[in-house]
Amino acid sequence: MKRVGIIDIGSSSLRLMLTEVDNSGYFKIIDELKTPVRLCHDLVKDCGICSENFSSILSTLRAFKSLCTVSGADKLIVVATESFRAAQNRDILVPMIKKELNLDVKVLSCDEEIYYNFLGVLRSMYIKNSLIVKVAGTNTYIAWVKDNSIIKHATLPFGSVNLTYKYKLNDRVLRDDLETAKVYVNENLEDISWLKETIFDSIIGISSTSRNIGKIDSVRKRYPFDIPHNYELNDLDVKDIYNLVKSKDLKQRQRLDGLDPEFADIVVGGVTIFHNIVKLINCSNIFISSRGLREGLMYEYLKENYNVIDDILDYSLNGILDILNSNKNHAKNVFDITYKLFNNLKPLHHLGNEFTNIIKTSTMLHDCGISINYYSHHKHSFYVILNSYINGLTHKELIMSAAIAASHRFNNYQTPISPFSAVISQLDLKAIKQIGALLKIADGLDRSLVGAIKDFSLNINDKTVEILVYSDINVDFEIRQALRASNTFMEVYNRELIIKKKEII
């Protein structure tokens, strides 16, 4: 077990992410710190970082390093982005940090910054054909990502800070100033030919601008839970938020629900940039990623030092099972049985392959609540799954996985899913019951935890579903346990459940 600290000296803040890495290469965040330092203000007014801000940097870095040292960190990675890259006095600042704190600061190029942000998103979300947008302090970065690769990318010479102060958008916004800012943004966007010519499946927003857009939207919609990563909204939502923030002065924006007050002075500039990009490419599917540069740096470290599982969902599930000391063989057996039942019963439930990740998550983690307490562990599994760091799942998939896992016990427990009605539809509730019934059967068939069921076949007719199980040992116990799901199965599938054994010859 190792601990690794990642420090990011950004344009508006210094951030620390302290992680713990197990022997398989799975990491979890155990501490985070953020200190606001508006370095980009210096670059807007001048060409270098002022002594006052540099003193703040040294003080913050000293505290971050001390925290990592006391926490037993084996490695500390320190990077600086646009603020140091553009500062004329960076050749003085970087050696001074080395001299004062013995920290090696790597100043990332634009291409490196885009790559690490891409890597952080790639290892946390499934991406097919998307535009990644990061509105930073003095730059905006865009990258066309397709088939897990960056196809095209560009760096634009404006961000939330310099656009704000160049066009006086920090307090009360005048129409002429805003229109002039939009023209400037659009002129730069028009120069990127591939941006206009490409049809994207989605936009993925990272950085403070995107996260604040997502948070404002979630508050407006009374979204049922506070998970910023993979939050979904559309182009009309972005337009509404743009109209909302531009119509308020600074004091009004500071009181706006969902908006970080520290971001209130530059939010109009940031949202204007994001809104104009959304409008230009005419894409309605927008996702917010809370993972980017620091996670990308972490994944590069893992790739260099561990044999990391390629699939991002499998990586998360295996890591969680290890951390919770769960029975991985039982989890795998239950998944295999449930998945085969699901595929064989498609003529009855009519669900497609889009439920694969839900089945995998709910079955692999169905017993994870035992880490809290065995008694009523199905209830604990529900909130453990909801609050775990699981890569690759949408919010709907996460809620459905938690609900299915919570339903695996043979009792009348009512999953507390009603607060999530804004995300879950009646068809989703039906799918939860259908898959939940199969999980009950699968858990029963592996109840002795020895993988007794080697294989099985199904016969489906108008009144019954017969499961013929294959085993080289006596499995009467397992069959009895699985048949406890008979009533649930009849309720969901309107068929009598029959389970018999056939000896392996």
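1. Helix axes here are lines fitted to C-alpha atoms over the stretch in contact, and angles run from 0 to 180 degrees between N-to-C directions. The model is predicted. With that in hand, take helix 9 (residues 207-220) and helix 12. Their axes come within 9 Å and cross at roughly 85 degrees. Angles of 65 to 115 degrees count as roughly perpendicular, and helix 9 is therefore roughly perpendicular to helix 12.

2. Who makes that contact? On helix 9, Thr209, Ser210 and Ile213 take part. On helix 12, the partners are Gly270, Val271 and Phe274. The contact of helix 9 with helix 12 holds three nonpolar residues, three polar and no charged.

3. Helix 12 (residues 267-281) also packs with helix 10 (residues 235-246). The angle is about 150 degrees, and the axes are 10 Å apart. Angles over 145 degrees count as roughly antiparallel, so that is the label for helix 10 and helix 12. The crossing of helix 10 past helix 12 is left-handed.

4. The residues of this second contact are as follows. Helix 10 supplies Asp235, Val238, Lys239, Tyr242, Val245 and Lys246. Helix 12 supplies Val267, Val268, Val271, Thr272, Phe274, His275 and Val278. By class, the contact of helix 10 with helix 12 has eight nonpolar, two polar and three charged residues. Val271 and Phe274 of helix 12 are listed in the contact with helix 10 and in the contact with helix 9.

5. Next, the nonpolar cores. The largest has 95 residues. Met298, Leu302, Phe355, Ile441, Ile467, Val469 and Ile499 touch the most other members. Helix 20 (residues 426-445) gives this core its largest share, nine residues. Leaving out residues up to four places away in sequence, Phe355 touches Phe342, Met400, Ala431 and Ile435.

6. Another core lies apart from the largest one and has 47 residues. Among them are Val185, Phe200, Ile203 and Val245. In soluble globular proteins, nonpolar side chains tend to be buried together.

7. Is helix 18 (residues 377-386) largely enclosed or largely open? Eight of its 10 residues are buried, so helix 18 is largely enclosed by the rest of the structure. Buried here means under 20% relative accessible area. The buried residues are His377, His378, His380, Ser381, Phe382, Val384, Ile385 and Leu386. They pack against helix 17 (356-364) and helix 19 (395-406).

Definitions and conventions:
Residues are numbered from 1 along each chain as its sequence is written. This is a predicted model: local features need pLDDT of at least 70, side-chain atom pairs count only at pLDDT 80 or more; totals for chains, interfaces and linings use all residues. Side-chain values use heavy atoms; hydrogens and water are left out. Buried means under 20% relative accessible area, exposed over 50%, partly exposed in between (1.4 Å probe, protein chains only). Helices (H or I, at least four residues) and strands (E, at least two) are DSSP runs, numbered from the N terminus. Contact means heavy atoms within 4.5 Å. Angles under 35 degrees count as roughly parallel, over 145 as roughly antiparallel, 65 to 115 as roughly perpendicular and the rest as oblique. A crossing is left-handed if the near helix is turned anticlockwise from the far one by less than a right angle, and right-handed if clockwise. Ala, Val, Leu, Ile, Met, Phe, Trp, Tyr, Cys and Pro count as nonpolar, Asp, Glu, Lys and Arg as charged, and the others, Gly among them, as polar. A nonpolar core is a set of buried Ala, Val, Leu, Ile, Met, Phe, Trp, Tyr and Cys residues joined through side-chain atoms within 4.5 Å.
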